[in-house]
Amino acid sequence: LLQLTNSAGTSVFAGAIAVSGATIPPASKLTVAPSGAGAGTVLSSPGDLACGATCAASFVTGSSVTLTATPDASSLFTGWGAPCGGTGECNVTVTEDTTVTATFVLASGDLDGDGLTNAEEITNGTDMNVADPDGDGRLDGEEVTSGSNPLVNEGAVITIINSILDD
């Protein structure tokens, strides 16, 4: 489809044209769909995408596209949905229309309700989706405040030490 406009922006031609001997490669659409309560931008290389909200661009089918997510100052980027994963760059070979989710959360939020903000979860190496990863019955926030390691079940360690001492 070709559309021509004049300097005033008025369409002067819109329609399909045939070019003898030319091959137009097929295109596939890549859509980026942000998710979560946070915010950020996603850029692509090649640079056809620059998104804050949902956006899409067409790429020659078979193209390799790299997506990079950058959270805004009050947010954290927590990962990509399929076909990507993790929090690094997302490399997609666009073989068909594809949607990739980019999840941003508020740094000041507390997804798992354990008393640590999402940013503090990252600092402490804990999972912002699991309130008690060591299974000791104490929330991460309580353990950090008391000086305990939220990744180590101190009760289990003490039981093991007592067992060794008793033998």
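**View 1. Strand β9 and its partner β7.** Strand β9 (residues 90-94) has a covered face made of Cys90, Val92 and Val94, and an uncovered face made of Asn91 and Thr93. In a regular strand, the side chains alternate between the two faces of the sheet. Strand β7 (residues 63-71) runs antiparallel to β9 and is joined to it by five bridges, with leucine 67 standing opposite cysteine 90. Strands here are DSSP runs (E, at least two residues), numbered from the N terminus, and two of them pair if DSSP finds at least two bridges between them.

The model is predicted, so local features need pLDDT of at least 70 and side-chain atom pairs count only at pLDDT 80 or more, whereas totals for chains, interfaces and linings use all residues. Residues are numbered from 1 along each chain as its sequence is written, and side-chain values use heavy atoms, with hydrogens and water left out.

**View 2. The disulfide of cysteine 84 and cysteine 90.** The sulfur atoms of cysteine 84 and cysteine 90 lie 1.8 Å apart and form a disulfide, a term applied to a pair of cysteine sulfur atoms within 2.5 Å. With 50° about the S-S bond, this link is right-handed. Both cysteine 84 and cysteine 90 are buried, where buried means under 20% relative accessible area, exposed over 50%, and partly exposed in between (1.4 Å probe, protein chains only). Cysteine 90 is also the residue of β9 that stands opposite leucine 67.

**View 3. The disulfide of cysteine 51 and cysteine 55.** The structure holds two disulfides, and one of them joins cysteine 51 to cysteine 55, with an S to S distance of 1.6 Å. Cysteine 51 counts as buried because its relative accessibility is 4%, and cysteine 55, with a relative accessible area of 19%, is buried too. When the bonded cysteines of the protein are numbered in sequence order, the pairing reads 1-2, 3-4.

**View 4. The open sheet of four strands.** Four strands form an open sheet in the order β6-β3-β10-β8, and their pairing is mixed. Strands β6 (55-60) and β8 (75-80) stand at the edges, each with a single partner strand, so one side of each is left without a neighbour in the sheet. From one strand to the next the twist averages 25°, the axes being lines fitted to C-alpha atoms and the angles running from 0 to 180 degrees between N-to-C directions.

**View 5. The pairing of β8 with β10.** Strands β8 and β10 (residues 98-106) run antiparallel and are joined by five bridges. Within this pair, serine 75 stands opposite leucine 106 in β10.
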